[in-house]
Amino acid sequence: MSARELAKTYEPEQVEAKWQAFWREHVSFRADPHSSREPFVILIPPPNVTGMLHMGHVLNYTIQDVAIRWRRMTGREALWLPGMDHAGIATQNMVERALRKEGKTRFDLGREEFVRRVWEWKEKHGGKILEQFGRLGASFDDARMRFTLDEGYTRAVLEVFVALHKKGLLYRGNYIASWCPRCRTVLSDEEVEHEERNGSLYHIRYPLEGEEGHLVVATTRPETMLGDTAVAIHPESERTRHLRGKKAVLPLVGRVLPIVEDQRVDPEFGTGCVKVTPAHDPADFEIGKTHGLEEVRIFEEDASIRSGFGRYSGMSREAARKAVLEDLEAAGLLAGIEEHRHAVGRCYRCSTDIEPWLSTQWFVSMKPLAEPAIRAMREGRVRFFPDRWEKVYYHWMENIRDWCVSRQLWWGHRIPAWYCDGCGAMTVEVAAPDRCPGCGSSALRQDEDVLDTWFSSWLWPFATFGWPEKTPDLRRFFPSHLLVTGPDIIFFWVARMIISSLEFMGDVPFREVYFHGIVRDAKGRKLSKTLGNSPDPIEVLDRYGADAVRFATILTTPIGQDQIFSDDKMETGRRFANKVWNATRFVLPHVEGVSGLSRDPSALPLPERWILSRLTAVRREATAHLEATRLNEASYAVYDFLWHSYCDWYVEVAKPALAGEGDAEAAREVLLHVLREGIRLLSPFMPHLAEEIGSYLSMDGPCVSRARWEDGAGGFRDEEAEREMEAVQQVVTAVRTLRSEVNVPPREEVRVLVRFLDETARAPVEANRGMIRRLARIRDLDLGSDGRPRGALAEVTRSVEVFLPLEGIADLEKERQRLAREAERLSRELDRIGRKLMNREYVSKAPPDVVEKDRGRERRFSEMLERVRENLRAISD
């Protein structure tokens, strides 16, 4: 290998930009559908075209990139397919906001011009998030970029709509749905977030018609009484028996209301009388259908009161509530108010309180579609990691409701239904009909609504590959292998993709789903702009470098658990990058002219046999973890090997040999070989750093990203060398610990005594006495001790007890005082943590990983205190 000097310091910004450009220009991440290699496919959860990178994306896309890079290195035909979602509500809101600045609305432009404006906005501003993913080093197959509103994808959406309609699984009907007054569209049940609030329960007197007396109803929303068309009672309730067959008069309005009997009424709630508002409550709507009640709509699209309701018309729902209560109280009809905690539905997009809304909408019949998807999960055709999310999946699927898929928007897939003005017939087809198939009229109007964004997203696993055409990509790459996502969209997306794929492809869409957690701050709070605790990911990447952020993110996030973001964790990634960089700077000048291993590993000295055996072990360990999608454990195995085994131990052990005090040829060859293989292991996690260092090491392939992964199968193992080296490490580590406790200067040599607790450790320690003395800076090493000498500190390991006499290197009185202060400090810390962990409220409410961290600190401090007290007793005696 020829000599090239590595830069003095690692500059991630320069290195990352260099290799991202190299990949774009020289390395294709494009998968070949005609390849004979076994495919491995990941489809990204398509980000919204309006999206901007946040730390949750960093976690999600780093997991995917690590998985796809590793599979690519193992020889699979790896495809990571990128794309974007058109995000109907979010994108339309973005453009409408811009129009408001011009003093215009979408209605001023008209549908065609507004949609043109949205496309214009998309081309100019949309997709920035995919550029930001590039900063992370994402190895997408860019040539296969898909957008849920592109021509081919749109055809797939329309084909599915028509097919479901022909099977009777998609229908149009007049039903109650959730309406967002801000976004001016209906929402599916899954798009409504429920928030517990403290409110009031209002008791209102409704006079009886034609007689003295009244009944009392209770409601949290008195303004909706304007739309009441009945009062309902339970047919078997004794409390309301006297009201059967009678009528009531609606206060403030004067509308006569029938009193109907219905089994769905809870006879124990309030007085047993329930106001019925069929146009503004799902349960009341069903009661209204049963009893043929009138449906009176009181709200406009913006949730203001419609005309025809006297002084309330034009008021917001909040103002109307206040006015109605004032009028009821003035009329003596407000019987009482009590505190009441209840759930309020909010729009998932803008957090506006939703309104139950009676309108004509399109629905998908989900029950018959869900049954095959439930079976597929039970049969193990799809696996969830962690598997606890399967219970959530089953609960939702077994209680699934029909899906409202129409939206009152202009940006999206327009519903392919046409209505004939001549005969009133409806035609549902992929292509627009020229004439009505019933009467031949050309006076056809297309449905004004568009489809729910999720209606296109649920087809992502196969529409991205050209379905309904039987394309080479579809035949080769469906189903995919791994989906990485958050559990918050199990209902929105994961379950629905399983449903649609089984219905239209006859197979599940993916084999495994990896659910990652939420990114939180040190206090356990979800990162959010509102709380001001969400860092700008681009600033984090600028500060630490993409590889440091990638590695720290994976290293500190066990599968399925929330990630606690902190600068300290990001710093761990940066320190690791610098550690590997500096070790490489040391090694390079020593391996000039070396090509690789030239001798049988079993014939090499102990340190070389040990590190080569450890290399095989870590290859096997990392591979096993990656195959099980335990990415954090795989990253830790690589981290521990490179930082500790290679940099901290082998490089230090090799220095005397490089200086002529040993087998220099073996040391040089092994230094280069293990560094090359360590960089190969590092590549999926820190690809930019691996490429830069790999370019100095003459590795196989055009770049490290295309190098072959070594899984350790059949590799060199020498367990005896590992046991011998472990004994050496125990002695050296114990001496270093004792030296640091009494602040012995690094270059000062000390006297050390060793007592063997395990006699099998004696031979390797005696055989490597010289190595131990050099590494631990020992002047006199006594291996025959049978007990603690007077005035000596002790450190115990599994195989040995090591003693450091303090005479001549430390003032015993000062050391006694230091140990006493340290014992006092540790006692205080233990007491503080103990009180914290005894607090049941803290243990129950704090994030589990935070509590576990405190328990770990308690154990660690307890062990430290015991050691300090033991040493204090020793030198006091």
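Modeller: Let's start at Pro479, in the loop between helix H14 (472–477) and strand E22 (480–485). Bear in mind that this is a predicted model.

Biologist: What makes the bond between Phe478 and Pro479 stand out?

Modeller: That peptide bond is cis, with omega about -5°. Most peptide bonds are trans. Another cis bond runs from Phe385 to Pro386, also with omega near -5°, and Pro386 sits in the loop between strand E15 (383–385) and helix H11 (389–398).

Biologist: Why is Ala87 called buried?

Modeller: Buried means under 20% relative accessible area. Ala87 has 4%, so it counts as buried. Ala87 also has a positive phi of about 50° without being a glycine.

Biologist: And why is Leu252 called partly exposed?

Modeller: The label covers values between the 20% cut-off for buried and the 50% cut-off for exposed. Leu252 has 34%, so partly exposed it is. Leu252, not a glycine either, has a positive phi of about 70°.

Biologist: How do you know that H2 and H17 are roughly perpendicular?

Modeller: Their axes cross at roughly 95°. Angles of 65 to 115 degrees count as roughly perpendicular, so H2 and H17 get that name.

Biologist: What kinds of residues make up the contact of H2 with H17?

Modeller: Six are nonpolar, two polar and three charged. Among them are Val58 and Asp65 in H2, and Arg550 and Thr553 in H17.

Definitions and conventions: Residues are numbered from 1 along each chain as its sequence is written. This is a predicted model: local features need pLDDT of at least 70, side-chain atom pairs count only at pLDDT 80 or more; totals for chains, interfaces and linings use all residues. Side-chain values use heavy atoms; hydrogens and water are left out. Axes are lines fitted to C-alpha atoms, for helices over the stretch in contact, and angles run from 0 to 180 degrees between N-to-C directions. Helices (H or I, at least four residues) and strands (E, at least two) are DSSP runs, numbered from the N terminus. Angles under 35 degrees count as roughly parallel, over 145 as roughly antiparallel, 65 to 115 as roughly perpendicular and the rest as oblique. Contact means heavy atoms within 4.5 Å. Ala, Val, Leu, Ile, Met, Phe, Trp, Tyr, Cys and Pro count as nonpolar, Asp, Glu, Lys and Arg as charged, and the others, Gly among them, as polar. Buried means under 20% relative accessible area, exposed over 50%, partly exposed in between (1.4 Å probe, protein chains only).
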